[in-house]
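Subject: Structure handover

Hello,

Here is the structure I promised to pass on. Please open it first, then read the notes below.

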Amino acid sequence: MPALPLGKLAILTVKQVAKPISKGLKNGAKNSSILKNYVILPVAQGVHWVDVKVKTRLMGAANAKVYKLNEKLAVEYGAEFISEFFLYAFGSAILLYEYNRSANKEERKERQIKKNTERIEDELLKLRNDSLESVFIIEEQGAEIRSLQRQVGNLHTQIEALKEQTPDPTVGREGGS
């Protein structure tokens with residue numbers, strides 16, 4: 001069964017959620033001076049300062065002065081940046097989660113392969129030991145058979161020797177009656 005692209009679905013969901021978050025931050029900045037003064041405006045001014053410095057250095061003007069954004073523009077810029085940062089952070093978290101999940105899946109697969117390999121090697125070793133034991137038993141039985149054959153041969157020799165030493169009982173009966 002193919003895996004559902006949950007990461008993609010989550011990113012789309014976050015994108016849809018990020019817009020209301022941005023609007024909520026803008027509205028919160030209008031209604032809350034703490035949110036506006038300690039979160040949104042400092043973020044907006046900092047990002048604006050870095051943006052202007054990078055652009056001016058790329059254009060060759062190293063010591064350009066950076067003017068602060070007006071409050072309305074800074075609130076909008078800061079809320080937009082925070083919502084985009086939230087989107088990026090959540091997307092990165094999903095990406096890391098998917099990577100770790102994939103790595104764990106591979107690790108489980110490798111452990112299973114290693115376990116199967118060890119089991120097969122153990123079975124192979126047991127079979128080798130069993131076959132060596134069987135060879136030893138066969139050699140022992142062969143030696144016993146050869147010994148028994150010698151004993152049977154000796155018994156045949158002894159029987160023949162006894163037959164030669166004892167007189168034939170049928171020879172005396174024919175002439176005496």
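The side chains of Glu71 and Lys36 form a salt bridge, with N to O at 2.7 Å. The term salt bridge here means a side-chain nitrogen of Lys or Arg within 4 Å of a carboxyl oxygen of Asp or Glu. Glu71 belongs to helix 3 and Lys36 to helix 2, so the pair ties together parts 35 residues apart in sequence. Helices are DSSP runs (H or I, at least four residues), numbered from the N terminus.

Glu71 is partly exposed, at 44% relative accessible area. Lys36 is buried, at 16%. The cut-offs: buried is under 20% relative accessible area, exposed is over 50%, and partly exposed is in between (1.4 Å probe, protein chains only).

**How to read the values**

This is a predicted model: local features need pLDDT of at least 70, side-chain atom pairs count only at pLDDT 80 or more, and totals for chains, interfaces and linings use all residues. Residues are numbered from 1 along each chain as its sequence is written, and side-chain values use heavy atoms, with hydrogens and water left out.

**Other salt bridges**

The count by this rule is seven salt bridges. Side chains of opposite charge can pair when their charged atoms come close. Two further pairs are worth a look.

- Glu98 pairs with Arg101, the closest N and O atoms being 2.9 Å apart. Both lie in helix 3, three residues apart, about one turn of the helix. Glu98 is partly exposed at 25% relative accessibility. Arg101 is also partly exposed, at 38%.
- Asp130 pairs with Lys126 at 3.1 Å, N to O. These two are four residues apart in helix 3, about one helical turn. Asp130 is partly exposed at 31%, whereas Lys126 is exposed at 53%.

**Helix 2**

Helix 2 has 27 residues, which should span 39 Å at 1.5 Å a residue; the end C-alpha atoms are 37 Å apart, which agrees. The expected span is 1.5 Å times one less than the number of residues. There is a kink of about 35° at Ile40, shortly before the proline Pro42. The bend is the angle between axes fitted to the seven residues ending at a residue and the seven starting there. After helix 2 comes Gly60, with a positive phi near 100°.

Buried residues of helix 2 include Lys36, Ile40, Gln45, His48 and Lys53. Leaving aside neighbours within four places in sequence, Lys53 is in contact (heavy atoms within 4.5 Å) with Ala62, Ala64 and Val66.

**The nonpolar core**

The largest nonpolar core has ten residues: Leu25, Ala29, Ile40, Leu41, Ala44, Leu69, Ala74, Val75, Ala79 and Ile82. Helix 3 gives the most, with four. A nonpolar core is a set of buried Ala, Val, Leu, Ile, Met, Phe, Trp, Tyr and Cys residues joined through side-chain atoms within 4.5 Å. In soluble globular proteins, nonpolar side chains tend to be buried together.

Leu69 of this core touches Ala44, Gln45, His48, Ala74 and Tyr77, not counting residues up to four places away in sequence.

Best wishes
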